[in-house]
Amino acid sequence: MIQRFIDPIKLILTGITAILIGIQLYMVFFFAPIEKYMGIVQKIMYFHVPTAFVAFAAFGVVFGAGILYLITKNKKWDYLAVSSAEIGVLFTTFVLILGSMWARPVWNTWWVWDDPRLVTSLILWFIYVAYLLIRTSVKGEERHRKFAAVFGIIGFIDVPLVYFSVLWWRTIHPKVIDENGANMPPEMANTLFFSMFAFMVLFATMLLYRYVLESQREKVKEIRQHSMSERTDF
Amino acid sequence: MFFKQSLLILKRDLKIEFRNKSLLLSMIIFAVLFQVFLQIVFDANIEAIKKIAAGVLWIPILLSALLGFSKYGIAERENDALTGLLIAPVDRGAIFLGKLLGNLLFVFIVVIISVPVFFLFLKQPFPESIGLLLFTLFLGSWGFVALGVFFTTLAQSSSITDLLVPIMIFPLAVPLFLAISQLTEMALYPSIVMGQDLWVLLLVGYNILFTIAPLFLFDILLEV
Amino acid sequence: MTYLFIGVSVMWIGILVYMGRLFQQQKQVSQQLDNMKNEARQ
């Protein structure tokens with residue numbers, strides 16, 4: 001039933017994503033003005049900020065799906081969680097790379113420990129790599145699902161703690177980087193918001209592909225186990 | 001009833017561990033050895049050590065505790081006794097608390113020996129706010145052990161337990177590490193007392209969170 | 001300019017490689033499912 005609609009939905013979503021990303025690229029390189037002080041490098045922002053949003057949304061999905069899995073014990077939520085975690089780690093990697101690429105010409109360094117957002121992103125990356133490691137290394141069907149769900153929930157709750165502790169840690173020491181206010185011309189702001197929207201749709205598309213793959217893979221596994229046990233019954 | 005059960009678990013574990021004292025002894029030796037090692041590699045003179053004192057004090061304790069987690073109650077795994085324990089009519093939360101107290105006792109013994117060794121090597125006047133130092137040592141090791149015991153027990157069915165545990169708990173423990181390193185620095189060099197209450201609050205909150213949450217989660221997670 | 005170029009291309013290559021891998025695995029799994037269906041029919 002739903003099976004029949006998956007392929008068309010995938011196609012339509014992919015098409016929409018392609019169009020949105022096309023528009024986004026056009027807006028970034030031709031519509032948005034070049035920033036006065038930082039120059040053209042500042043355009044990294046239109047990729048850096050949306051990827052960060054996608055990463056955070058992905059981990060939010062892991063958190064929500066983890067809770068729902070523990071309550072309902074429905075494996076579908078677990079498929080959603082693992083798919084989302086993988087995409088989240090991928091996008092956090094991009095956030096860190098793009099951030100470094102932006103920081104190098106502007107702050108004259110690849111990395112600073114003074115900004116809580118940077119440090120939190122890095123810790124976030126480690127937490128969810130651990131999440132993926134749990135999934136691949138822990139034995140026992142239901143056990144590793146529950147374990148991963150709990151870890152995903154605790155990891156997400158830990159994020160604000162990490163953020164604020166790094167913030168306090170650094171405000172006690174002299175501060176190097178100021179937060180400059182978001183006084184952008186409307187073209188820039190529009191481009192940024194559109195980029196966020198386009199990347200969210202991209203995330204939804206990737207999540208759908210990954211989710212379908214995960215659930216079908218599990219289905220194959222189930223059928224195999226089922227037929228094996230049938231064979232041994234005789 | 002609940003506490004009685006966890007004390008029972010604690011008594012049972014300690015009896016097994018003290019039958020041969022190799023775990024406790026090796027934890028202590030490791031901590032002291034690592035302390036000496038750190039002092040040597042950092043070539044710590046009085047000026048330099050001001051910056052790294054908190055790390056030199058804590059790293060041996062934390063690593064020693066970490067090595068202890070997976071070895072404490074290893075007899076449990078060998079004969080699949082954990083299953084027996086889970087079937088026994090004991091509250092799962094009590095199992096967690098009992099294991100936590102046992103590990104904590106070991107880590108405290110390590111602290112009692114390792115910290116004086118630190119001051120022995122440090123060639124530095126005794127810390128002025130000894131109360132704050134003791135408070136930090138107590139709650140710092142408590143938080144780390146709570147986190148460690150929880151995840152070690154969960155990861156026991158993993159193929160890479162010993163490696164997975166630090167990978168899981170170090171990122172989660174970043175707030176804890178920041179709090180204890182800041183507070184230790186304040187205790188050792190009281191001239192930089194700023195935001196102390198904030199860190200104390202964070203440390204206490206973190207401890208409460210990671211002691212209470214596992215008590216409930218253990219029940220869901222450890223079904224036979 | 002070079003930083004912008006490197007950053008953005010690393011990101012897109014990463015996404016495309018990831019999606020390519022997904023497609024490949026999806027193909028395999030779909031094929032396995034089809035085989036199973038055929039077996040069940042026989």
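Lys43(A) is buried in this predicted model, because its relative accessible area is 2%, under the 20% cut-off. This lysine sits in the loop between α1 (2-31) and α2 (45-72) of chain A. Where does the side chain of Lys43(A) reach? The backbone oxygen of Ala32(A) lies at 3.1 Å from it. Leaving aside residues up to four places away in sequence, Lys43(A) touches Val28(A), Phe29(A), Ala32(A), Pro33(A), Ile34(A) and Leu4(C). One of these partners, Leu4(C), belongs to chain C, and that takes us to the next topic.

Chain C has 1 helix and 0 strands. Its C-alpha atoms fill a box of roughly 60 × 5 × 5 Å along the principal axes. Of the 42 residues of chain C, 33% count as buried. An unreviewed UniProt entry annotates residues 6-23 of chain C as "transmembrane region". In the model, that span is 100% helix and 0% strand, with its end C-alpha atoms 25 Å apart.

The contact involves 23 residues from chain C and 32 residues from chain A. Tyr3(C), Leu4(C) and Tyr18(C) supply 24% of the area that chain C buries against chain A, more than any other three residues. Between them, chain C and chain A bury about 2,600 Å², with 81% of it on carbon and sulfur atoms.

How many salt bridges are there between chain C and chain A? The count is 1, and it joins the side chains of Arg21(C) and Glu86(A) at 3.7 Å, N to O. By class, the side of chain C that touches chain A has 16 nonpolar, 6 polar and 1 charged residues. There are also 4 residue pairs in polar contact across this interface, both residues being at pLDDT 80 or more.

**Where chain B meets chain A**

Chain B and chain C do not touch, and their nearest C-alpha atoms are 24 Å apart. Of the 2 pairs of chains in contact, chains A and B share the most contacts. Here 30 residues of chain B are in contact with 25 residues of chain A. Together, chain B and chain A bury about 2,700 Å², 77% of it on carbon and sulfur atoms. On the chain B side, Ser157(B), Leu172(B) and Leu221(B) lose the most area to chain A, together 18% of what that side buries.

The elements giving two or more residues to the side of chain B that touches chain A are α7 (130-154), α8 (161-172), α9 (174-188) and α10 (196-221) of chain B. The largest share of that side, 9 residues, comes from α10(B). By class, the side of chain B that touches chain A has 24 nonpolar, 5 polar and 1 charged residues.

**Charged pairs inside chain A**

Side chains of opposite charge can pair when their charged atoms come close. Over all chains, a search of the whole structure finds 10 salt bridges.

| Salt bridge | Closest N and O atoms |
|---|---|
| Arg145(A) and Asp78(A) | 2.8 Å |
| Arg210(A) and Glu86(A) | 2.8 Å |
| Glu214(A) and Arg210(A) | 3.0 Å |

Arg145(A) forms its salt bridge with Asp78(A) at 2.8 Å. This pair links distant parts of the chain, with Arg145(A) in helix α5 (residues 141-172) and Asp78(A) in helix α3 (residues 75-107), 67 residues apart. Are these two buried or exposed? Arg145(A) is buried, with a relative accessible area of 1%, and Asp78(A) counts as buried at 2%. Both also belong to a network of salt bridges that links Asp78(A), Arg135(A), Arg145(A), Glu218(A) and Lys221(A).

Arg210(A) pairs with Glu86(A), the residue that Arg21(C) meets from chain C. Arg210(A) is buried at a relative accessible area of 4%, and Glu86(A) counts as buried at 17%. Glu214(A) and Arg210(A) both lie in helix α6 of chain A, 4 residues apart, about one turn of the helix.

Key. Residues numbered from 1 in each chain as written. Chains lettered and ligands numbered in written order. Predicted model: local features only at pLDDT ≥ 70, side-chain atom pairs only at ≥ 80, totals over all residues. Heavy atoms only, no water. Buried < 20%, exposed > 50% of the residue type's maximum accessible area, 1.4 Å probe, protein only. Polar contact = N/O pair within 3.5 Å; in protein donor to acceptor, adjacent residues only side chain to side chain. Contact = heavy atoms within 4.5 Å. Buried area = accessible area lost by both parts, 1.4 Å probe. Salt bridge = Lys/Arg side-chain N within 4 Å of Asp/Glu carboxyl O. Nonpolar A, V, L, I, M, F, W, Y, C, P; charged D, E, K, R; others polar. UniProt positions renumbered as here; feature names shortened; annotations may be inferred.
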